[in-house]
Amino acid sequence: MVESTGGRPVDRITLTGLTARGFHGVFAEEKRDGQDFTTDVVVHLDAAPAAAGDDLARTVNYAQVAETVLGVVTGESLDLIETVADRIARALLAEQPVATAVEVTVHKPHAPIQADFTDVAVTVFRSRT
């Protein structure tokens, strides 16, 4: 657990490796053929109220988080993975009222780069404040 600046605990729920086929990129072949994108999400929250009452309604529903991520990745074709990550982050903050912040990393391991590489990723951090 990490202390926030206000002294309240900041807990995290992490989803790693959510993979889905999307049609994002600036090149016509990326939009036509698509490729797999992998997304990692860290949701920041105070989990103490949920833990104290063993109450799903007082925490982040990670099944819903996964559904939202996959919906954005498989949805509208976008040019930039920066935009994909931003849309996921904003949607999660809108849908998960106990989330205080989210960190979203979108990986594009098959980016059209003429070099040997392992991954291209963009990470965004969005908070309610």
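Me: Why does D54 count as exposed?
Reply: The relative accessibility of D54 is 73%. Exposed means over 50% relative accessible area, buried means under 20%, and partly exposed is in between (1.4 Å probe, protein chains only). Since 73% is over 50%, D54 counts as exposed. This is a predicted model, in which local features need pLDDT of at least 70 and side-chain atom pairs count only at pLDDT 80 or more, while totals for chains, interfaces and linings use all residues. Residues are numbered from 1 along each chain as its sequence is written, and side-chain values use heavy atoms, with hydrogens and water left out.

Me: Where is the place of D54?
Reply: D54 sits in the loop between α2 (48-53) and α3.

Me: What is noted about the phi of D54?
Reply: Phi is near 50° at D54, a positive value in a residue other than glycine. Most residues other than glycine have a negative phi.

Me: How many helices and strands does the chain have?
Reply: There are four helices and five strands. Along the sequence they follow the pattern β-β-α-β-α-α-α-β-β.

Me: What makes the nonpolar surface patch?
Reply: V26, F27 and L80 form a patch of about 270 Å². A patch takes residues with over 30% relative accessible area and no salt bridge; nonpolar side chains (Val, Leu, Ile, Met, Phe, Trp, Tyr) are joined within 5 Å, and like charges within 9 Å. V26 lies in the loop between β2 (9-22) and α1 (28-33).

Me: Why is the pair R21 and D36 called a salt bridge?
Reply: The closest N and O atoms of R21 and D36 are 3.5 Å apart. A salt bridge needs a side-chain nitrogen of Lys or Arg within 4 Å of a carboxyl oxygen of Asp or Glu. Because 3.5 Å is within 4 Å, the pair qualifies. R21 belongs to strand β2 and D36 to strand β3 (residues 35-45), so the bridge ties together parts 15 residues apart in sequence. R21, at 42%, is partly exposed, and D36, at 34%, is partly exposed.

Me: How many salt bridges does the structure hold?
Reply: The structure holds seven. One of them joins E76 and R87 at 2.7 Å, N to O. This pair links distant parts of the chain, with E76 in the loop between α3 (62-74) and α4 (81-95) and R87 in helix α4, eleven residues apart. E76 is exposed at 52%, whereas R87 is partly exposed at 37%.

Me: What makes R126 and D86 a salt bridge?
Reply: Their side chains meet at 2.9 Å, N to O, and that distance falls within the limit for a salt bridge. R126 is in strand β5 (residues 121-127) and D86 in helix α4, so the pair ties together parts 40 residues apart in sequence. R126 is partly exposed, at 23%, while D86 is buried, at 18%. Salt bridges with shared partners join D86, R90 and R126 into one network.

Me: Which residues touch the most other members of the largest nonpolar core?
Reply: They are I88, V104 and V106, in a core of 28 residues. A nonpolar core is a set of buried Ala, Val, Leu, Ile, Met, Phe, Trp, Tyr and Cys residues joined through side-chain atoms within 4.5 Å. At least two core residues come from each of β2, β3, α3, α4, β4 (99-107) and β5. The largest share, seven residues, is supplied by α4. In soluble globular proteins, nonpolar side chains tend to be buried together.

Me: Which residues does V106 touch?
Reply: Leaving out residues up to four places away in sequence, V106 touches F37, T38, T39, I81, V84, A85, I88, V120, A121 and V122. Contact means heavy atoms within 4.5 Å.

Me: What share of the 129 residues in the chain is buried?
Reply: Buried residues make up 41%.

Me: Which residues does the UniProt domain annotation cover?
Reply: The unreviewed UniProt entry gives "domain: Dihydroneopterin aldolase/epimerase" for residues 13-126. UniProt positions follow the numbering used here, feature names are shortened, and annotations may be inferred rather than shown by experiment. Over residues 13-126 the chain is 35% helix and 32% strand.

Key
Areas by Shrake-Rupley, 256 points an atom, 1.4 Å probe, with all protein chains shown as cover.
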